[in-house]
Amino acid sequence: IPLNIFVLVGLKIVLMLLFGALGALYLIKVSIIYVIIAPVVGFFLPDFMMWQKVKNKKEDIVRCFPETVDLLHMCINAGADLISAIKWVIEKSTRNPFIEQLGVVLSEVQVGKPRAEALRDMAKRLQLPDISSFSRVIVQAERMGTPVEEAFKNLSDDTRDRRFQNGE
C-alpha cells in the first residue's frame, strides 16, 4: 500500500491520540510530564520510523555501491554501452538498493527522459556524495565526448580507494 500524505497524517493523529490516552491512563501516576510527552512521541513516531528506513537504505546503497560500479565497469570494458551495462547488471546480478535505483534510471530513460537528466535525478533523490559523483562523472564524460570506459575506470578506482580508507 503506497503511503501517501493523508495516510501518514492520519496515522500520526491516531498514534498521538492513542499514546495520549495510554499516557493519561498509565503514566499519570508517575508524572504529568509523561502524559504531556506521550502524545508528542506518538505523533513523531512515524517520522522517526521513516527516517530510520531511509537512513538504512542509504547505508545499504553506500555499502553495495563499489561492487555495482565495478560490475558496470566490467560490462563497459567488454564493449557494452552504459544503458546495456545497466540492463545487464540489473538482470544478472544480485538485487541491492543501488541496482534498484539504476532500474529507476533505466525505466526513465526507456520512457524518453534524457540519460543525463535521469542520472541527475537519481543523485538528487538519494543525496549521497558517492552517487552524486557517479552521476556527475558519467554526465561530464558524455558532455565532453570522452570515453565512458575511462570515466568508469577512474570512478571504480576512486570508490575502491575510498572504501579502503573508510575501512581503515
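What follows is a short chat about helix contacts and aromatic pairs.

Q: What should I know before I start?
A: This is a predicted model, so to speak of local features we need pLDDT of at least 70, while side-chain atom pairs count only at pLDDT 80 or more and totals for chains, interfaces and linings use all residues. Residues are numbered from 1 along each chain as its sequence is written, and side-chain values use heavy atoms, leaving out hydrogens and water.

Q: How do helix 5 and helix 6 cross?
A: Helices here are DSSP runs (H or I, at least four residues), numbered from the N terminus. Axes are lines fitted to C-alpha atoms over the stretch in contact, with angles from 0 to 180 degrees between N-to-C directions. The axes of helix 5 (residues 115–126) and helix 6 (residues 129–144) come within 8 Å and cross at roughly 165°. That makes helix 5 roughly antiparallel to helix 6 (the label for angles over 145 degrees; under 35 is roughly parallel, 65 to 115 roughly perpendicular and the rest oblique).

Q: Which residues of helix 5 and helix 6 make the contact?
A: Contact means heavy atoms within 4.5 Å. On helix 5 they are R115, A116, L119, R120, M122, A123 and L126; on helix 6, I131, S132, F134, S135, I138, V139 and E142.

Q: And what about helix 2 and helix 6: at what angle do the axes cross?
A: Roughly 25°, with the axes coming within 10 Å. So helix 2 is roughly parallel to helix 6. Here I61, V62, F65, V69 and L72 in helix 2 meet D130, I131 and F134 in helix 6.

Q: How many aromatic pairs are there in the whole structure?
A: Rings of Phe, Tyr and Trp (its six-membered ring) pair if their centres lie within 6.5 Å; planes under 30 degrees apart are stacked, over 60 edge-to-face, the rest tilted. A search of the whole structure turns up 5 pairs. One of them is F65 with F98, edge-to-face at 5.1 Å centre to centre and 75° between the planes. F65 lies in helix 2 (residues 32–77) and F98 in helix 4 (residues 97–110), so this pair ties together parts 33 residues apart in sequence.

Q: Which ring pairs with F98 at 5.5 Å centre to centre?
A: F134 does, edge-to-face, with 80° between the planes. F98 is in helix 4 and F134 in helix 6, so parts 36 residues apart in sequence are tied together. Ring pairs link F65, F98 and F134 into a cluster.

Q: Is F134 buried or exposed?
A: Buried means under 20% relative accessible area, exposed over 50%, and partly exposed in between (1.4 Å probe, protein chains only). F134 is buried, at 1% relative accessible area. F98 counts as buried at 0%, and F65 is buried too.

Methods:
Helix = DSSP H or I, 4+ residues; strand = E, 2+ residues; numbered from the N terminus.
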